[in-house]
Amino acid sequence: MVLSRGWALFLTGVGVWTWVIWPRFALAIWNDPRSWSTGTVADGAATSFLWVHALLIAASLTIGTTVGVLGVRAWLAARRRRNASPS
């Protein structure tokens, strides 16, 4: 499959966006009293609220990283194609 440079840039942007948004969300979930059995942040056992969101965050970061890597690889392949084409 050949991706255009525009799509490669879009995929790379999605990967970057994922790493900007999800860690901030993880911090918000960690600091949410619903994440802890006592209602006090980082005190007591983690609740299912925390575990479900942690799984969501991990999956999103994994998918976002994969998409970003594919975008970078597509961008580099497009550069190689452009440099290899006869002028």
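**Exercise 1. How far should the 37 residues of helix α2 span, and which distance between its end C-alpha atoms can we compare with that?**

Before we start: this is a predicted model, where local features need pLDDT of at least 70, side-chain atom pairs count only at pLDDT 80 or more, and totals for chains, interfaces and linings use all residues. Residues are numbered from 1 along each chain as its sequence is written, and side-chain values use heavy atoms, leaving out hydrogens and water.

Step 1. A helix here is a DSSP run (H or I, at least four residues), numbered from the N terminus; α2 covers residues 48-84.
Step 2. The expected span is 1.5 Å times one less than the number of residues, so α2 should span 54 Å.
Step 3. The end C-alpha atoms of α2 are 53 Å apart, which agrees.

**Exercise 2. Find buried residues of α2 and something that covers them.**

Step 1. Buried means under 20% relative accessible area, exposed over 50%, and partly exposed in between (1.4 Å probe, protein chains only).
Step 2. The buried residues of α2 include Phe49, Leu50, His53 and Ile57.

**Exercise 3. Which side chains meet in a salt bridge?**

Step 1. Look for a side-chain nitrogen of Lys or Arg within 4 Å of a carboxyl oxygen of Asp or Glu.
Step 2. The whole structure holds 1 salt bridge: Arg34 meets Asp32 at 2.7 Å, N to O.

Methods: Helix = DSSP H or I, 4+ residues; strand = E, 2+ residues; numbered from the N terminus. Contact = heavy atoms within 4.5 Å.
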